[in-house]
Amino acid sequence: MRVTGAERGTTPSGDRYSLLRIEMAQRYRHAVGSADPFYRGLENGVLRATECPDCGSTWFPPRRFCDADLSETTWYDLPGTGRIMAATRVHVPPPFGGIDVPYILASIRLDGVDGGITHRVAASDIPERGTVVAATFSDRQPAHPLLRMAFAVKEEIA
Ligand SMILES: [Zn+2]
């Protein structure tokens with residue numbers, strides 16, 4: 001971490017403030033292991049979940065074992081659509097970078113699985129609860145495979 005600059009100013013209400021510009025570099029090493037089918041799905045533009053072959057429970061994020069009967073789960077592809085449960089506008093870049101601010105972050109219940117994801121929605125306005133979204137994937141190679149994905153509004157709430 002290093003400080004690359006500083007500035008001082010006065011807010012419209014007359015309060016003085018100081019801002020420090022700080023750069024941080026982070027290195028990650030992910031042990032992919034049993035989640036490998038999930039990451040291969042992202043490379044191919046598909047969200048993957050797991051299902052218990054015995055009781056039919058489903059998970060996203062995927063789990064390797066069923067918590068009810070300890071059966072090993074199987075992988076399947078999701079349609080990539082879902083509904084917004086809650087959303088907000090974020091004005092601070094995430095610590096891992098790769099996203100311009102401000103951006104929309106939403107809790108999304110995914111179709112075809114018991115579960116969901118909190119992820120970026122490519123929209124300028126905050127979507128209403130219940131808005132239908134669909135996963136989209138870019139071809140760029142970001143620092144983390146999940147950054148290739150963003151949700152797009154597919155169907156607005158009337
Ligand atoms: Zn089960």
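Ground rules first. The model is predicted, so local features need pLDDT of at least 70, side-chain atom pairs count only at pLDDT 80 or more, and totals for chains, interfaces and linings use all residues. Residues are numbered from 1 along each chain as its sequence is written, and side-chain values use heavy atoms, with hydrogens and water left out.

Cysteine 55 and aspartate 69 link distant parts of the chain, 14 residues apart. Cysteine 55 sits in the loop between strand S3 (48–51) and strand S4 (58–59). Aspartate 69 sits in the loop between S4 and strand S5 (74–77). Helices (H or I, at least four residues) and strands (E, at least two) are DSSP runs, numbered from the N terminus.

The cut-offs: buried is under 20% relative accessible area, exposed is over 50%, partly exposed is in between (1.4 Å probe, protein chains only).

Next, the hairpin. Strands S1 (residues 2–10) and S2 (residues 16–23) pair antiparallel over eight bridges. Pairing requires at least two bridges between the strands in DSSP. Arginine 8 stands opposite serine 18 in S2. Five residues separate the two strands, and glycine 14 in the turn has a positive phi of about 95 degrees.

Now S10. Strands S9 and S10 run antiparallel, joined by six bridges. S8 pairs with S10 in the parallel sense, over two bridges. Alanine 152 in S10 stands opposite alanine 134, and also opposite alanine 122.

On to the core. The largest nonpolar core has 19 residues. By nonpolar core I mean a set of buried Ala, Val, Leu, Ile, Met, Phe, Trp, Tyr and Cys residues joined through side-chain atoms within 4.5 Å. Leu47, Phe60, Ile108, Leu110 and Phe151 have the most contacts inside the core. S7 gives the largest share, four residues.

Take leucine 47. Leucine 47 lies in the loop between H1 and S3. At 2% relative accessibility, leucine 47 counts as buried. Beyond four places in sequence, its contacts (heavy atoms within 4.5 Å) include Phe60, Leu110, Ala135 and Phe151. Leucine 47 and alanine 135 are 88 residues apart in sequence, yet 8.2 Å apart C-alpha to C-alpha.

H1 comes next. Its buried residues are Pro37, Phe38, Tyr39, Gly41 and Leu42. They pack against S3, S5, S9 and S10. Just after H1, glycine 45 takes a positive phi of about 75 degrees.

Last, the pocket. How many residues line the largest pocket? There are 21, with Pro94, Phe96, His144, Leu146 and Leu147 nearest its centre. S8 gives the most to this lining, four residues.

Key
1 Å grid on protein atoms, 1.4 Å probe; cavity = no way out; pocket = protein on both sides within 12 Å on 5 of 7 lines; lining within 4 Å.
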